[in-house]
Amino acid sequence: MAADGGLRQQLLSAIELALAGDWDAAHAIVQRHEHDATACWIHAVLHRIEGDEANARYWYRRSTTSLDAARDPAEELAAIRTGLG
């Protein structure tokens with residue numbers, strides 16, 4: 001999970017934006033943090049929401065989290081949010 005508090009807050013913001021339907025704003029946040037596995041995981045879910053499965057698979061690999069195509073993206077974002085605390 002994300003290491004520092006500033007990054008954690010940004011990732012939580014990205015999740016809230018995604019859940020509110022602001023894909024572009026959420027995407028802009030996670031793109032700035034491609035070095036972080038949690039940001040990559042959120043990025044993967046965003047591309048699932050977008051319908052870009054190939055791009056989603058790429059970001060899942062970067063996150064070291066497996067794609068579970070049966071899992072609802074909103075539920076997955078909620079699980080990431082819980083993990084961030």
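First, the ground rules. Residues are numbered from 1 along each chain as its sequence is written, and side-chain values use heavy atoms, with hydrogens and water left out. Because the model is predicted, local features need pLDDT of at least 70 and side-chain atom pairs count only at pLDDT 80 or more, while totals for chains, interfaces and linings use all residues.

Helices here are DSSP runs of H or I, at least four residues, numbered from the N terminus. Helix 3 takes in residues 37-50. At its start, a side-chain oxygen of Asp36 comes to within 2.9 Å of the backbone nitrogen of Thr38. After the helix comes Gly51, with a positive phi near 95 degrees.

How many residues of helix 3 are buried? The count is 11 of 14, where buried means under 20% relative accessible area with a 1.4 Å probe, protein chains only. These buried residues pack against helix 1, helix 2, helix 4 and helix 5.

Take His43, which lies in helix 3. His43 counts as buried because its relative accessibility is 2%. Beyond neighbours within four places in sequence, His43 is in contact (heavy atoms within 4.5 Å) with His27, Val30, Gln31 and Trp59.

Now the helix pair. Helix 2 and helix 3 pack at about 150 degrees, their axes 9 Å apart; axes are lines fitted to C-alpha atoms over the stretch in contact, and angles run from 0 to 180 degrees between N-to-C directions. The two helices are therefore roughly antiparallel, the term for angles over 145 degrees. Helix 2 contributes Trp23, Ala26, His27, Val30 and Gln31 to the contact; residues from helix 3 include Ile42, His43 and Leu46.

How values were computed. The expected span of a helix is 1.5 Å times one less than its number of residues. Buried means under 20% relative accessible area, exposed over 50%, partly exposed in between (1.4 Å probe, protein chains only). A polar contact is a pair of N or O atoms within 3.5 Å; within protein, one must be able to donate a hydrogen and the other to accept it, and residues adjacent in sequence count only if both atoms are side-chain atoms. Angles under 35 degrees count as roughly parallel, over 145 as roughly antiparallel, 65 to 115 as roughly perpendicular and the rest as oblique.
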